[in-house]
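Biologist: Please walk me through the charged pairs and the surface of this model. Keep it brisk.

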Amino acid sequence: MGIGLILPVLPDLILELNGGTLAAAAIWGGVLSTSFAVMQFLCGPLLGALSDRYGRRPVLLVSVGIMAVDYLVMAVAGTIWLLLAARIVGGITSATQSTATAFLADISAPHEKAARFGLVGASFGMGFVLGPLMGGLLGEMGTRAPFYAAAALSALNLLLGLLVLPETVTEATRRPFRRAAAHPLGALRQIGRLDGARALLTVFFLYQLAFYVYPATWAYFTQARFGWDPGLIGISLAVFGVSMAAVQGGLIRLVQPRLGERRMVAAGLVLSIGAFTTLSVLTSGAAVLALIPVAALGAITPPALQSIMSRAARDDEQGTLQGVLTSVNAVAVILAPLVMTWTFAAFTHPQAPVDFPGAAFLLSALLVATALAVFARRAPAR
């Protein structure tokens, strides 16, 4: 919800702090997102390894507390550089996605993992239901209001964790801290030994790189093509969040027993190719809103991929595996804002050879098509 709250107002805040055009603001938005992701890439395996050694609870709670302070800093930032510094700190604290998913792996039987990893995606989806909707409404009160709300939500999250979050690492599954597994390359080398892991990580990376076209360019794309204001942008992201939550929190439980993880991955990739291609050429805002639930069906892909890899990993490797996935995802987040916002800017600036705001979505379709080819040729058959 915290991230979703600030998305609708981020273009206006960048313009307020730095001036310039919407295309220039999109570039700065990409820089902010990339700096956030660089720290996730560097710190995901570290926090995953720390949680394997010291437990999931302390790593999660300390990070959430720092995040609350970080949002307050963003709320009062008077320069683009302070905003950038705050996003760097935020990237470190939000690298705990690896710890959270390792927690779910700890408490889940093998046949439950895909559905429960889907719950992680559903929680993000629900955050995008309420976050952008509230952010769009609060944005009418000023560009800083959503950041104060995000700080309050993080503080409430800390309180909730203190009250209800148990520790799941036991003496039987506790793993000594190894520096070799606490940085991205070392952790990747360790997980790369799992059956089919390299191909599956490639597919995961390409899908995530394509998927992040939504947070990277949605606010700019819809403003440029349809003239949407922050309120309508927030509503559209809320529709996407509802759809994501329904797919990953509910539909995946019905689909998995019938298709299995491998067919789920293939189906999600095919659906995503169609959705990205269609979004790139649509000129009706109403048609885009109608397409959003269909586009969300592709979200069955990441939980299915995570489940395949989690089944192959030992119990004491779950934190390391999820740290690798966090880092791979972070590389996608590092590249996606730069690639997608530059693609958007290249086809929307005043001297662009052709006005094509949907160019980044067409690029995403090509990336997912590549992922499908890799999966079909190299992924393990089981």
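Modeller: Start with aspartate 106, which forms a salt bridge with arginine 56; their closest N and O atoms are 2.8 Å apart. Aspartate 106 sits in helix H6 (residues 97-106) and arginine 56 in helix H4 (residues 56-76), so the bridge ties together parts 50 residues apart in sequence. Helices are DSSP runs (H or I, at least four residues), numbered from the N terminus. This is a predicted model: local features need pLDDT of at least 70, side-chain atom pairs count only at pLDDT 80 or more, and totals for chains, interfaces and linings use all residues. Residues are numbered from 1 along each chain as its sequence is written, and side-chain values use heavy atoms, without hydrogens and water.

Biologist: How many salt bridges does the structure hold?

Modeller: Side chains of opposite charge can pair when their charged atoms come close. The cut-off is a side-chain nitrogen of Lys or Arg within 4 Å of a carboxyl oxygen of Asp or Glu. The structure holds 2. In one of them, glutamate 16 meets arginine 144 at 3.3 Å, N to O. Glutamate 16 is in helix H2 (residues 10-18), arginine 144 in the loop between helix H7 (113-139) and H8, 128 residues apart.

Biologist: Is arginine 56 buried or exposed?

Modeller: Buried means under 20% relative accessible area, exposed over 50%, partly exposed in between (1.4 Å probe, protein chains only). Arginine 56, at 2%, counts as buried. Glutamate 16 is partly exposed at 46%.

Note on methods: Helix = DSSP H or I, 4+ residues; strand = E, 2+ residues; numbered from the N terminus.
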